[in-house]
Amino acid sequence: MTTVANDPNADLRVIGKSLPRVDAAGKLIGLTAYADDIELPGTLYCKLLRSHLPHARVLSVDTSAASAIKGVIAVITGEDIPIKYGIMPTSQDEHALEYEKVRFVGDPVAAVAAVDEETALAACRAIVVEYEPLETVESIEHALLPPSDEPIHDYAGPGNVHRIGALEFGEVDEGFANSSFIREDVFFYEGNTHLPMEQHSATATFVGDQLTLWSSTQDPHYVHRALARVFDMPMGHIRVVAAPHGGGFGGKADPFSHEMAVCKLAMVTGRPVKCTLTREEVFYVHRGRHPVLMWVRTGVSQDGKILAMHFRTALDGGAYGSYGPASMLYTGALQTTTYNIPAYRFEGVRVFTNKAPCGPKRGHGTPQPRFALELHMDKIAEAIGLDPVELRRRNYVKPYTRTINHLRITSCGIEEVTDLVVEASRYHERKKRLGHGMGFAVSSYMSGAGLPIYWNKLPHSECIIQVNRGGVTLYCGATDIGQGSDTVLATVAAEELGLWPTDIRIVSGDTGLTPVDLGSYSSRVTFMAGNAALQAAREMREILVSAVAEKMECSPKDVMVGDGKIGELSFEEAANLAQERHGVLTARGSYTPPREIGGKYKAAGVGPSPAYSYSAAVVDLDADPYSGEIQLNKVWIAHDIGRSINELAVKGQVEGGVYMGLSEAMMEGQLYRHGLHKQPSMLDYKSFTFFEMPEVETFLVETVDLEGPYGAKEAGQGPLLPVIPAVVSAVHDALGVWVDEVPITPDKVMRALDAKAKGREGRYGPKSFPQISYPPIVKVPPFDASSTAF
Amino acid sequence: MSDIGSREILKISVNGQNKELLVKPYATLLEILREDLRLTGTKHGCEAGECGACVVLIDGTPQLSCLVLPGQIEGSEVTTIEGVSDGGKLHPVQQAFMDHGALQCGYCTPGMVLSSKALLDANPRASAEEIKEALAGNLCRCTGYVSIIEAVEAAGRAMA
């Protein structure tokens with residue numbers, strides 16, 4: 001790995017070093033207690049009965065036989081938890097247990113608490129549900145037709161439309177009229193799932209009006225709010241603890257049925273109740289990548305400058321709203337953060353189908369349009385005879401500019417990341433030969449969403465640092481889902497307090513103990529919780545330094561902090577000195593993104609971020625012209641990280657993103673037949689093993705963002721994005737055919753080759769984009785820059 | 001092994017300690033470890049032999065504990081992740097995983113460490129290809145495997 005730093009002389013002791021994670025030891029010796037490892041005395045075990053039909057009215061649920069089974073303590077149905085919930089205010093469309101109708105195979109209708117799982121399962125089998133089947137809606141095209149009996153939901157619409165919108169920025173028609181070349185393409189991105197290694201698990205207790213839930217959740221704050229709503233309880237009577245987390249990737253970012261069920265069963269039985277999903281259930285709970293159909297039309301000038309772009313998307317949302325309204329807008333929001341698009345029209349629709357609900361997966365709504373956009377750029381370059389890298393360079397955004405859809409671009413290493421991968425891979429020196437190819441792509445991602453999921457004015461992240469008995473404890477609501485958020489917080493505090501990261505005790509993701517943080521999603525933790533921790537740590541440093549300065553009778557600026565010392569005193573002595581003078585030692589920090597990072601139009605809430613990361617990738621592969629099989633040789637990835645808080649952790653995030661991108665580009669798909677999941681097991685749902693993973697060479701670019709903590713930006717999601725189009729582009733380079741659909745599997749490659757051999761267009765992919773009645777286009781006025789620098 | 005109602009007596013050694021357990025004949029070793037012995041360091045990701053999270057060593061050989069029944073292991077020596085480190089000192093494989101960032105969420109880590117240990121006990125000079133071969137049954141969704149290979153190579157050098 002290579003790091004290109006803008007300020008190699010920065011005087012930092014622990015920031016940027018390659019240090020082990022602060023939580024590594026417990027995980028390595030098997031002592032870390034994940035959600036399913038928590039076992040409270042007297043625990044009852046919960047199982048959910050799930051629908052075997054994709055769409056049906058629930059006529060009756062008879063639990064009498066189940067309740068009579070020895071060892072069954074309680075059985076609940078939907079009417080016991082009648083209040084609906086959903087992660088977004090506009091999608092409060094889920095019952096913990098459905099009692100009016102079921103909308104996908106796996107929709108829960110009843111829950112049992114029993115002395116053990118076997119008994120709970122037997123009780124589930126004894127519950128008799130009478131259903132009246134309804135039409136199964138299986139695809140985007142199907143969902144756009146008028147329903148033959150009734151829509152899946154009784155809100156939104158028309159029919160099975162969940163959300164639909166149309167926006168225009170700048171003069172798009174004029175841009176196309178002035179273009180010397182215009183191209184249209186259609187793409188499809190198949191849905192896929194997060195496949196975290198850990199199955200979701202939750203345990204609840206209800207003692208003296210206090211409800212406590214331990215869960216493998218990424219967002220304890222949002223789960224806490226959902227519990228307060230569903231059980232109509234004061235926020236102060238609820239505590240949600242995010243247990244050490246066995247992988248999220250967006251899949252544990254919604255409030256879930258099993259969490260609601262164990263809470264209700266704990267209230268009913270007075271005992272701790274635990275529910276751990278089976279692997280099959282994890283596939284049904286899903287909330288993963290939306291299947292998206294895309295159509296894009298772009299006009300360019302003679303010298304390859306984009307003059308206008310029109311982007312249409314249609315998302316298959318599955319059975320519930322989840323993050324869908326945001327997901328839909330994300331398919332149109334970040335095209336502008338890599339390329340300067342002076343006129344841009346976006347039309348998007350999300351439909352309901354009778355499949356497991358989709359939601360946010362790593363990259364949330366942006367990998368699909370990024371795949372389409374990058375291949376579209378390749379095709380334009382080929383058509384106008386420009387090198388694909390050169391075409392992109394001519395359109396790259398510049399640092400400290402404003403996009404046409406009002407997004408504020410600050411630090412931007414897009415040129416640097418491009419240079420690094422293109423040079424290291426010798427992309428332009430590659431020898432053309434059949435069966436070998438290289439592909440290039442570039443991308444950008446947010447360092448945290450600029451707005452919370454529900455409207456409120458609380459800070460997005462808060463930290464408390466307490467110094468007590470000579471030691472440091474940092475309290476923050478951020479949740480370590482494996483990405484290293486605890487390590488980031490400890491490293492920031494250690495840097496400011498002159499300690500080592502493992503000297504800092506972290507209490508995180510516990511809504512009963514830690515101040516507000518919105519959770520681990522949208523790559524927000526390093527930037528937002530990092531800034532909150534930095535503010536708190538600097539305040540604590542000042543308290544300690546001034547106490548030492550007073551004792552030493554010197555100026556605070558002469559008190560050096562570092563290597564476990566504050567001035568002449570050890571940290572412990574300084575801490576005790578300050579505590580003697582002030583009593584309880586706490587310092588606080590909070591972070592709210594600046595207001596001017598985005599626009600003020602309706603739908604402007606999706607896309608703004610205090611900073612954007614930039615990534616570029618080159619993929620080298622062999623593609624067999626006789627079998628369509630693809631052998632990955634190497635990936636070069638460069639990422640504008642702003643600054644690494646922990647270089648080893650950043651490298652891990654980048655490599656993990658490359659892996660996840662490759663795996664979903666080449667083999668992952670959440671596929672259905674007549675509403676039934678075709679492969680709800682890890683054997684049938686293919687993902688990369690050690691064998692498929694190629695060599696990865698990683699480059700980090702440190703652009704040192706002016707607002708990020710020490711200049712840091714995100715690493716968790718961005719590096720996945722360019723990898724997917726780069727694979728498909730490399731296959732085209734190798735075989736001369738386009739596969740405009742992922743996953744790119746050998747059969748699709750062969751179909752494209754067959755088409756070419758028969759004299760047709762050498763392409764596999766969707767032939768057309770459906771006719772969709774988008775609403776009248778909302779023309780958004782230009783950004784009002786009077787209140788900001790740009 | 002003798003039946004007592006629907007239970008059987010199972011004699012095994014776990015992390016060097018002899019155990020005499022009363023178990024269901026159809027309980028998996030994974031369930032016996034996690035539920036009867038409360039050794040929850042052994043993880044479950046699928047309970048169908050697909051993911052490798054539950055790997056333990058049985059007489060030194062990595063096995064998927066979710067597919068092992070009591071009748072198969074009478075008298076065997078089982079090593080779980082709790083039995084790998086030497087008191088407070090990490091095993092070279094664990095130390096290398098820590099130093100090379102070869103874990104993130106950590107959920108696949110116990111299985112990865114045990115599969116790696118078995119490989120390196122037999123062949124500390126294992127090549128990258130041999131490492132891939134030995135670990136191909138262990139899935140990881142976080143790391144992209146790159147740092148795990150680096151860690152196992154480093155651990156092999158430390159153990160050689």
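This is a predicted model: local features need pLDDT of at least 70, side-chain atom pairs count only at pLDDT 80 or more; totals for chains, interfaces and linings use all residues.
Residues are numbered from 1 along each chain as its sequence is written, chains are lettered from A in the order in which they are written, and side-chain values use heavy atoms, without hydrogens and water.

Helix α2 (residues 92-99) of chain B packs on helix α5 (residues 146-159) of chain B at an angle of about 140°. Their axes lie 8 Å apart. Axes are lines fitted to C-alpha atoms, for helices over the stretch in contact, and angles run from 0 to 180 degrees between N-to-C directions. Helices (H or I, at least four residues) and strands (E, at least two) are DSSP runs, numbered from the N terminus. The two helices, α2(B) and α5(B), are therefore oblique to each other (under 35 degrees is roughly parallel, over 145 roughly antiparallel, 65 to 115 roughly perpendicular, the rest oblique). On the α2(B) side, the contact (heavy atoms within 4.5 Å) is made by B:P92, B:V93, B:A96 and B:F97. On the α5(B) side, B:I148, B:A151, B:V152, B:A154, B:A155, B:A158 and B:M159 take part. This contact of α2(B) with α5(B) has 11 nonpolar, no polar and no charged residues. Ala, Val, Leu, Ile, Met, Phe, Trp, Tyr, Cys and Pro count as nonpolar, Asp, Glu, Lys and Arg as charged, and the others, Gly among them, as polar.

Helix α2(B) also packs on helix α3 (residues 109-122) of chain B, at about 125° and with axes 9 Å apart. That makes α2(B) oblique to α3(B). Here B:V93, B:Q94 and B:F97 meet B:T109, B:M112, B:V113, B:S116, B:K117 and B:L120. The classes are five nonpolar, three polar and one charged.

A cavity is a set of points where a 1.4 Å probe fits but cannot get out; a pocket is an open set with protein on both sides within 12 Å along at least five of seven lines; lining residues have an atom within 4 Å of a point. The second largest pocket is lined by 44 residues, with A:E117, A:E118, B:E31, B:E35 and B:E47 closest to its centre. Its lining has 16 nonpolar, eight polar and 20 charged residues. The largest share, six residues, comes from α1(B).

The largest cavity has 18 lining residues. A:E94, A:F104, A:P108, A:S257 and A:R287 lie nearest its centre.

Technical notes. On a 1 Å grid over the protein atoms alone, a cavity is a set of points where a 1.4 Å probe fits but cannot get out, and a pocket is an open set with protein on both sides within 12 Å along at least five of seven lines; lining residues have an atom within 4 Å of a point.
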